[in-house]
Amino acid sequence: MNLTLHIWRQENTTAEGRFSTYRVEEISPDMSFLEMLDVLNERLINKGEVPVEFEHDCREGICGTCSLMINGVPHGPEKGTTTCQLHMRKFKDGDEITIEPWRAKAFPVLKDLVVDRSAFDRIIQKGGYISANTGNAPDGNAIPIPKPDSDWAFEAAACIGCGACVAACKNASASLFVAAKVTHLGLLPQGQPERYLRVTAMVEQMDQEGFGSCTNTYDCEGACPKQISVRNIARMNRDYLKAKIMGN
Amino acid sequence: MIGIFRSTILTKIAMALSGLIWIGFSIAHLSGHFLLFAGQEAYNAYGQGLKDLGPLLWLGRIIFIISFLLHSFSGILLLSRNKEARPVQYKAKKPIVSTPQSRMMALTGILLFTFMVYHLAHFTWGVVHAEYSHLTYTLSDGREVHDVYTMVIGSYQNVFVCLAYVLFMLGFGIHLSHAIASVVQTLGFNHPMYNSLVKKVANGLSTIIILGYISIPASVMLGVLKLTGGH
């Protein structure tokens, strides 16, 4: 496959960025999207040019590190898939592909396609944990949890914190991320004692980071590589309102 | 109270609740105006009946004005916050599952504000299309009241006025079709068991409200509702 790539290049956070166009030739349809970028970078290095910076780690779709806006859709055209698991067979020979970083005030561009997602870490630091020492893993059936609750908690826990929800949202809102984290702990018995403190602290940190608000357009759910439901946002709203009325 | 507006979720909830009051108003307002189909006597008596409510009418008006201010203030606050949240726009950005109406709430909101000013200037303050605004009608009990029937029907006989109302109502329909389901989500209700029902009720209710409103100028245009000359 021969492709034309329009890639956002930006020297550092304060520098002004611009799009650069590159031609990549003889790309195998079996390559992953990141492997295609590896090929481009090898060619750039061989020519003595600066390679395109992008983030990646596990390349198995479970770490949440890769983060590319591909033709206007976070993680590209395949539903429920991270960029690293997207294959070039989803594109056609001769395609033009626009690759941009996540765009949000709370996610400043560090270089090229790499953004700083520490805002998510700071939200987690506010309450995305259980502070009681729960000891060793308990016996499987020692703590009874209704099946629908454990399934829902598991679905929410699948969030890999990639930030595709923020990238897709027209308001750059982090509601789906925060809601998933709040729900995954708030549905389980171990998460109950800090349930309302957690939702208040995490939501307030989210607001402080400068993310936008949720306007229920649901593009976050459509973009999420783990297909996490906006149902979690409704639950977060409910818990947050309860916390405010009852004083945590 | 001010603290509410520091939180995006509480601001959204304020927006949802004030919007809910306006959804209630639009249903009540439409039900009242359906009396146009019951004839000049019934409609003019209804108009006078509203005025006779006195302080109660003002209580209602105050609730609607506060809801309006809360809804617009929250909307403007969230909109400016949301614009700030993405200072650099994408070159290519595609909607994934979002509907056009969900992305156009601010735009249709501004359209509705324009409509409200026009609508109040037309029927409440009587400063535009004023030729039918100051007529009187004698009810069967002998009371002389404002002839609102002639004012409404006379105005809608102008094709441009009629068209303006129909277009504004279509804009209202776009706003409403997202608003009703959105209120439910914002207030924290979302469950696979009733989500499809919420969607159906939201679509059904907004369609009924909009068709109801459009039916009034349309009936005038089609000659179903006409001037009866009055007393």
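Is Trp22(B) buried, partly exposed or exposed? With a relative accessible area of 22%, Trp22(B) is partly exposed, where buried means under 20% relative accessible area, exposed over 50%, and partly exposed in between (1.4 Å probe, protein chains only).

This is a predicted model, in which local features need pLDDT of at least 70 and side-chain atom pairs count only at pLDDT 80 or more, while totals for chains, interfaces and linings use all residues; side-chain values use heavy atoms, with hydrogens and water left out. Residues are numbered from 1 along each chain as its sequence is written, and chains are lettered from A and ligands numbered from 1 in the order in which they are written.

**Aromatic pairs**

Over all chains, the structure holds 22 aromatic pairs, a pair being two rings of Phe, Tyr or Trp (its six-membered ring) whose centres lie within 6.5 Å, with planes under 30 degrees apart counted as stacked, over 60 as edge-to-face and the rest as tilted. One of them joins Trp22(B) and Phe64(B), whose ring centres are 5.6 Å apart and whose planes stand at 55°, so this pair is tilted. The pair links distant parts of the chain, 42 residues apart, since Trp22(B) belongs to helix α1 (residues 8-33) of chain B and Phe64(B) to helix α3 (residues 55-84) of chain B; helices (H or I, at least four residues) and strands (E, at least two) are DSSP runs, numbered from the N terminus. Phe64(B) is likewise partly exposed, at a relative accessible area of 25%.

Tyr156(B) and Tyr165(B) have ring centres 5.1 Å apart and planes at 75°, so their pair is edge-to-face. Tyr156(B) is buried at 6% relative accessibility, and Tyr165(B) is buried at 3%. Both belong to one aromatic cluster, which also includes Phe115(B), Tyr118(B), Phe123(B) and Phe168(B).

**Charges over rings**

A charge sits over a ring if NZ of Lys or CZ of Arg is within 6 Å of the ring centre and within 35 degrees of the ring normal.

| Charged residue | Ring | Distance to ring centre |
|---|---|---|
| Arg103(A) | Trp8(A) | 4.1 Å |
| Arg235(A) | Trp152(A) | 5.9 Å |

**Contact between the chains**

The contact, defined by heavy atoms within 4.5 Å, takes 36 residues from chain B and 46 residues from chain A. Chain B and chain A bury about 3500 Å² between them, 54% of it on carbon and sulfur atoms, buried area being the accessible area (1.4 Å probe) that two parts lose on being put together, summed over both. In chain B, Ile9(B), Tyr90(B) and Ile96(B) lose the most area to chain A, together 17% of what that side buries.

Two salt bridges are found across this interface, each a side-chain nitrogen of Lys or Arg within 4 Å of a carboxyl oxygen of Asp or Glu. Lys105(A) forms a salt bridge with Glu84(B), with the closest N and O atoms 3.9 Å apart. On the side of chain B that touches chain A, α1, α3, α4 (100-103) and α7 (159-186) of chain B each supply at least two residues, and α1(B) gives the most, with five residues.

Although not a glycine, Asp112(A) has a positive phi of about 45°; Asp112(A) lies in the loop between β6 (109-111) and β7 (114-115) of chain A and is buried, with a relative accessible area of 2%. Gln227(A), also not a glycine, has a positive phi of about 50°; Gln227(A) is found in the loop between α7 (219-223) and α8 (231-246) of chain A and is partly exposed, at a relative accessible area of 46%.
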